[in-house]
Amino acid sequence: MAKTKVIAIANQKGGVGKSTSVYCIGAGLAMNGKKVLLLDVDPQGDLTKMLGQRKPHEMPLTLANVMNDIVAGVESGGHPEILHHAEGFDFVPANRSLSAVEVGLVNVMSRETVLQQYVDSVKRDYDYVLLDCRPSLGMLVINALSASDYVLIPVQADYLAAEDMTELIGTVQSIKRQINPKLKIGGVFLTMVNETNFRRDIVTSVKENFGKHLPVMNTVIPATVRLAEISTADKSIFLHDPKGRAADAYRNLVQEVMDIGEKQRIKSADLSR
Ligand SMILES: Nc1ncnc2c1ncn2[C@@H]1O[C@H](COP(=O)(O)OP(=O)(O)OP(=O)(O)O)[C@@H](O)[C@H]1O
Ligand SMILES: [Mg+2]
């Protein structure tokens, strides 16, 4: 692959639509012909469950095993932990054994970059690697951000001004300074926008408030039961309700994700002529 983009979807606030967005963006990128790998970096295993593995805690081979192998210096060949999904992308599952890995990282050298080492070992086969983060700013999230080129931040409109955002941005900035200079905020996008918090000018006002400091994506994801349903439907929104407004919104978001970094790429291509 010419240049793999590694993207973490993070927000330490719980239940904002991170896992749902990883699934829908991943499926949408695959529909656009991209080679995609999704990593479940959350011991809850919610993404793993959404992808049809209903009992992640019984799975013998997950992200925890490969991270442990890296810590132990064991070379793993063949990558049997990578599973294929019917919608055309690959994924690595997670379960609660990842919690023990997170706790154990405290005593490990290069503890922030264990996941980066794993991502580097598999990313050459993919156009996009998406990382589903757990709702915290702990060591697993630090590992995910250290492994990424971009972070996408889903937020609920009502919580935009919350201190959580400041804390998350601060973490991104310090990881950029100390561990991963290429890390950028790919964009903030609004999720679960319903009739009560929807205003026609919501993106404009978010851009006015945050746009100076943060790239705000144009797509707004609506609050709809059709999206809540996909966690048990074994289908992304593109198969579950392809004509609905949630599928339209995620289609637009996927396009925006594919546009991330393109301006810089065109600029540097121009310079190299
Ligand atoms: N746009 C939406 N409209 C309605 N329900 C949604 C939407 N997006 C996600 N949901 C539902 O909201 C709940 C939380 O979504 P999800 O699990 O994607 O969030 P999360 O940020 O990954 O949560 P956690 O922080 O626990 O990992 C789930 O039940 C999901 O089905
Ligand atoms: Mg989640």
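This is a predicted model: local features need pLDDT of at least 70, side-chain atom pairs count only at pLDDT 80 or more; totals for chains, interfaces and linings use all residues.

**Burial and overall build**

I began with burial: 42% of the 273 residues in the protein chain are buried (20 or more other C-beta atoms, placed from the backbone, within 10 Å of a residue's own; exposed is 12 or fewer, partly exposed in between). Residues are numbered from 1 along each chain as its sequence is written, with chains lettered from A and ligands numbered from 1 in the order in which they are written.

I then found 12 helices and 8 strands in the protein chain (DSSP runs, H or I of at least four residues and E of at least two, numbered from the N terminus).

**Helix α4**

Next I turned to α4, residues 97-105, where Leu98, Val101, Glu102 and Leu105 are buried. Seen down the axis, these buried residues fall within an arc of 100°, so they line one face of the helix (the arc is that of the directions from the helix axis to the C-beta atoms). On the other side of α4 I noted Ala100 and Val103 as exposed. The cover over the buried residues includes α3 (63-72), α5 (114-122) and α6 (139-146).

**Ligand 1**

Last, I looked around ligand 1 and found 18 residues surrounding it, the closest being Gly14, Lys18, Ser19, Thr20 and Pro135 (C-beta atom, placed from the backbone, within 6 Å). The elements giving two or more residues to this shell are α1 (18-31), β7 (184-193) and α9 (225-233).

Definitions and conventions. Two residues are in contact if their C-beta atoms, placed from the backbone, lie within 7 Å.
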